[in-house]
Amino acid sequence: MIRRHATALRIALAILDFVAAIAVFVAVSFLRFGPDWITSWESAATSPWLLAGAYAASWVAILWLLGLYRMRARWAWRTEVLDLLRAVFIVAILTFATLFVIKLPDVSRLFLVGLFAAQAVVAVGSRGVLRFLLRRAREGGRNSRFVLVVGHGESAHEFARRVERYPYLGLRIAGFLADPGPGDPHPEAPASEPMPDAGIEPPPAGTLGRIGEIESVLRLNVIDEVAICLSPEHAAYVEPIARICEEYGLIVRIPLFAGISAVPGGRVEDFDGLRIQTLSYGPDRAIGLISKRFIDVVGAIAALVVCSPILAAAAVAIWADGRGPIFFRQQRVGLRGRQFRLVKLRTMVPDAEEQRLALGSRNEISGPAFKVTDDPRVTRVGRLLRRSSLDEIPQFWNVIVGEMSIVGPRPPLPDEVAAYDVWHRRRLSMKPGITGLWQISARREEEFDRWVRIDLDYIDRWSIWLDLKIMLRTVPAMLEGR
């Protein structure tokens, strides 16, 4: 199994099962003992919350040991139900054995029967609902990760078929690159030089191009991962392609079919019986990224609730100052080139976008970015909002829907990304953030390359602890108007 995606889904299932088991324990206790159920448990010299936690933990442990968190290529409802009933039976046996060994004061047998019956119903129902929601989300294209398959032979299509057996992982085949043909560049060409288009014969139908066009394909498409599935006679192309993907900060998968050897670095894992080497050139710590997403959602919801009076006051001030729209929406580029609509409080005159071209000569940034001190397009209220960074509060909505993170690189404009050098694009390997390392350390920096180096330093050193430190440093920076 491809570990990053499998781990994320396993953790989500385990958390759901843990919370559901505690809810079942509390609900059955209430039904059996009434509103004073906590007192009833405490009279037996036992904490009900300790018991609920121990029961939920044992339930998740049994499901894990029985392999019910593994992804299955051919999922069947009947098999899932039988496996869950087997898990309930094992938990029931262990519970009765534990009560006998520790000689706990009499525990209502009626409560236990109700607990295990309810657990079976809830487990089957929650798994069914979760699979339905995941299927709908995947069909709608949400949370999908796009895989470019390098190669167009049988091994490439075999890998694609294996990926399609696991729709719940959210992996989608973006397309194929044709095998090397006459005139394609030598595989030992330097990675910093783009692999030119051979221009000798067109690629086969159904492909995005030839291997020699890989850099243009990566620039023009949203690609999260690259699977190099070449035949043994083209094995010399594997490492140079991996080096190009490193420049873009992509995850590389190399299925180790017969005749293909692993390249230096990375890890080898199993995916549906096939050994695959994974090279991670961007953040790829599943548990850490899940934790980051959890912090993002909780923090963004809390921020919007706490700041709602400020938003209301700012909205009134913006409307009174210019009678224009309160919010400003702009197309930005996010993770791996995905475009989204960033939302902010409006701080400029309504036709600010049209006036930008006239201010091109005043741009203070050296590189593909735009910044003007004392921008004449900024309104009176806008200056106050910008100085305090309050105009960025609505971006917490972008965080909630998954387009941004609280901490990350600055979200660029599409025309900025179009002017990026190859090494600049690695900053797109992480979701853009409301705040980040460059905002608190080099916001007045006039050299764009320096901005990018700071973003790449953040990506290379990323951790939850680093995010928390940046958040803490953002508060005084806002208060001081920096």
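Helices (H or I, at least four residues) and strands (E, at least two) are DSSP runs, numbered from the N terminus. I'm working on a predicted model, where local features need pLDDT of at least 70, side-chain atom pairs count only at pLDDT 80 or more, and totals for chains, interfaces and linings use all residues. Residues are numbered from 1 along each chain as its sequence is written, and side-chain values use heavy atoms, with hydrogens and water left out.

**Ring pairs**

I looked up the aromatic pairs and got eight. Rings of Phe, Tyr and Trp (its six-membered ring) pair if their centres lie within 6.5 Å; planes under 30 degrees apart are stacked, over 60 edge-to-face, and the rest tilted.

Trp37 and Trp49 make an edge-to-face pair, with 5.5 Å centre to centre and 75° between the planes. Trp37 sits in helix H2 (residues 37–42) and Trp49 in helix H3 (residues 48–65), so this pair ties together parts twelve residues apart in sequence. Next I checked burial (buried is under 20% relative accessible area, exposed over 50%, partly exposed in between; 1.4 Å probe, protein chains only). Trp37 counts as buried at 8% relative accessibility, while Trp49 is partly exposed at 48%.

Phe448 and Trp451 form a tilted pair, 6.3 Å centre to centre with 55° between the planes. Both lie in helix H15 (residues 448–461), three residues apart, about one turn of the helix.

**Nonpolar cores**

I took a core as a set of buried Ala, Val, Leu, Ile, Met, Phe, Trp, Tyr and Cys residues joined through side-chain atoms within 4.5 Å. Which residues have the most contacts inside the largest core? They are Phe396, Tyr458 and Ile470, in a core of 37 residues. Among the elements that each supply at least two residues of this core are helix H9 (286–322), strand S9 (339–345), H15 and helix H16 (464–479).

I then listed contacts (heavy atoms within 4.5 Å). Leaving aside neighbours within four places in sequence, Ile470 touches Val407, Thr435, Gly436, Leu437, Ile440 and Tyr458.

Another core lies apart from the largest one; it has 30 residues, including Ala21, Phe25, Ala52 and Leu99.
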